[in-house]
Every structure is written in C-alpha cells, then in structure tokens.
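Here is a short briefing on one protein model. Look through the structure first, then take the points by topic.

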Amino acid sequence: MKENRIQELKNYIIANERASLDDLCTLFNVSKNTMRRDINELEKQSIIKKVYGGIVLNDKKTTEPFESREEKNITSKQVIAKLASQFVQDGDIIYIDSGTTTMHMIPHLAEVRNLTIITNNLNVIMGSLPYPNLNVLCTGGVLFRTTNSFVDMDAVNSLKKFNISKAFMASTGISITKGITNSSSFEYDIKRYMVEHCDTVVVLADATKLGRVSLTTYCELKDIHVFITNELPGDEFVDFFESNNIQLITP
C-alpha cells in the first residue's frame, strides 16, 4: 500500500512539477504526518525538494528543457539520425529513445516496410503520423514535459512484452570512464532496460556530448554496438571503439 502510494506520488509530481502539502493530503486521503514520510522517501531519491508549504520536482535543475535542446546543433542531429536510419530494415521491431536527435530518424523511415517502432518519445509518436507504414506503440507512463517523454515503472513494464531487436538510444554525455550518461534520472530505468535486453544498441550523439558526464550512467560505453556522431572523435575514443568492437559511424 505504501509503495503504491509513493509510486503514485512520484507520478503525480513528475506530471505536475509542484504540489502543496495540503493538496497532496487531500488527493491521497492521508494525514500530514503520513504524507511527510512519503515526501521524505522521494527526497532521499533526489526526485523532489521541499519548499515552503509543499514540494517541487528536483530533476528540472539538471535537465535542460526540450525546446532549448531541440534548437541546438540541429543540422548535426539530422545528419546523425539519417545515418542511424540505415540500420533499420524491413520487418524490424525497434525502440527509439527520447531525445532531440533520435526523433529526426522518422522521415528517413518512410520507405521501410512492416516496421514496428516502440517509443517513449512524444515527438517520435507525433512525427510518425504522416507515415502509414510505421506501426507505432507507446510505452505509456507519465509524460515528463521537460524531455517530452513517458516515464515511470509502468513504461518499463510495458517493454517486457515486446521482442525488440534494435535500440536507438540518446545521451547527454559520453565518457570512456563514466559511460553513456543522461541528465534525467526519471529516464534511467527505461534506458537501462533497453540496453540490457536488445541485440543491437545504437547510440546517437553529436560531438559536443563527447567527454561530458551527466547525472546518471545508464550503461558502460563498452556495452553498446554502434556509435553514430557527426564528426570523427579524438584518438582516445577511436581507439576505445576499435578495441571494444564498437562500430563508429560518421558522415
């Protein structure tokens, strides 16, 4: 009961970004003492922070809003997405991750037949509407507006039903020592699950992400199979990819 309530509280604050203590007590029909204990649990997980009279979503400090990220390096992102689309074949069942690079794959998949896309990316879903050949399945979950993605354990559980062969993943930082990192802690479980359960993991990231480390590491760099970027990385990355049999793709 308590675990379910805390999960529902987490979902609520992700969707609404802030709430007063009084409103939460009314919504969940619990006392202030009970709600304070639940809030303390989420605070320990760094999901929320306390403010006067209530709580606010903590992840907004580390995750740049979707709209501002979307405008950065857009030409490079489009080039990377086009290269990534070449790994998609007729009849594939693929996962397309959240992010401002992965969504640009969609126009390049217009001629792929019998393609199934599973995604938590709202922009991938909307971008697929003009293409009747794309069978799109949404993970469901709570819409996290900062990244335009659906998150929470319901989204992860929905993925367990599908046999996905290829995952096209996004990242906000690529490090040899810290691995593939991301700025949103809410997306960690989904990203981690996909890397662990797909035959082929393709990471799309422009060159500005190389050498950067973000909030969470969802996999080690050696765990991926293909890395696509817009320009040749430095020797340290090139040597690492070669020694770990990771295919490096650049224009």
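Q7 sits in helix α1, which covers residues 2–16. The model is a predicted one.

- Q7 counts as partly exposed, because its relative accessibility is 26%. The cut-offs here are under 20% for buried and over 50% for exposed.
- Leaving aside residues up to four places away in sequence, Q7 touches D152 and M153.
- Q7 and D38 are 31 residues apart along the chain. Their C-alpha atoms are separated by 9.7 Å.

**Helices α2 and α3**
- Two packed helices are described by the angle between their axes and the distance between the axes.
- Helix α2 spans residues 21–28, and helix α3 spans residues 32–44. Their axes come within 10 Å and cross at roughly 105°.
- On the α2 side, the contact uses L21, D22, L24, C25 and F28. On the α3 side, it uses K32, M35, R36 and I39.
- By type, the residues of this contact are six nonpolar and three charged, with no polar ones.

**Helix α5**
- Helix α5 runs over residues 74–85 and has 12 residues. At 1.5 Å a residue it should span 16 Å.
- The buried residues of α5 are S76, K77, I80, A81, L83, A84 and S85.
- An α-helix has 3.6 residues a turn, so residues three or four places apart point the same way.

**The seven-stranded sheet**
- Seven strands form an open sheet with parallel pairing. The order is β6-β5-β4-β9-β12-β14-β15.
- The edges are β6 (134–138) and β15 (247–249), each pairing on one side only.
- On average, neighbouring strands are turned by 20° against each other, direction ignored.
- Strands β4 (residues 93–96) and β5 (residues 115–119) run parallel and are joined by four bridges. I93 has T116 in β5 as its bridge partner.
- Helix α8 (residues 188–197) packs on the sheet. It touches β4, β9 (166–170) and β12 (200–204). The direction of α8 makes about 145° with that of β9.

**Two asparagines with positive phi**
- N114 is in the loop between β4 and β5. Its phi is near 55°, a positive value in a residue other than glycine.
- Is N114 buried or exposed? N114 counts as exposed, because its relative accessibility is 62%.
- N148 is in the loop between β7 (142–144) and β8 (149–151). Phi of N148 is also positive, near 55°, and this residue is not glycine either.
- N148 counts as buried, because its relative accessibility is 14%.

**S128 in a loop**
- S128 lies in the loop between α6 (122–127) and β6.
- With a relative accessibility of 5%, S128 counts as buried.
- Which residues does S128 touch, not counting those up to four places away in sequence? They are I106, L134 and V136.

Conventions:
Residues are numbered from 1 along each chain as its sequence is written. This is a predicted model: local features need pLDDT of at least 70, side-chain atom pairs count only at pLDDT 80 or more; totals for chains, interfaces and linings use all residues. Side-chain values use heavy atoms; hydrogens and water are left out. Axes are lines fitted to C-alpha atoms, for helices over the stretch in contact, and angles run from 0 to 180 degrees between N-to-C directions. Contact means heavy atoms within 4.5 Å. Ala, Val, Leu, Ile, Met, Phe, Trp, Tyr, Cys and Pro count as nonpolar, Asp, Glu, Lys and Arg as charged, and the others, Gly among them, as polar. The expected span of a helix is 1.5 Å times one less than its number of residues. Buried means under 20% relative accessible area, exposed over 50%, partly exposed in between (1.4 Å probe, protein chains only). Two strands pair if DSSP finds at least two bridges between them.
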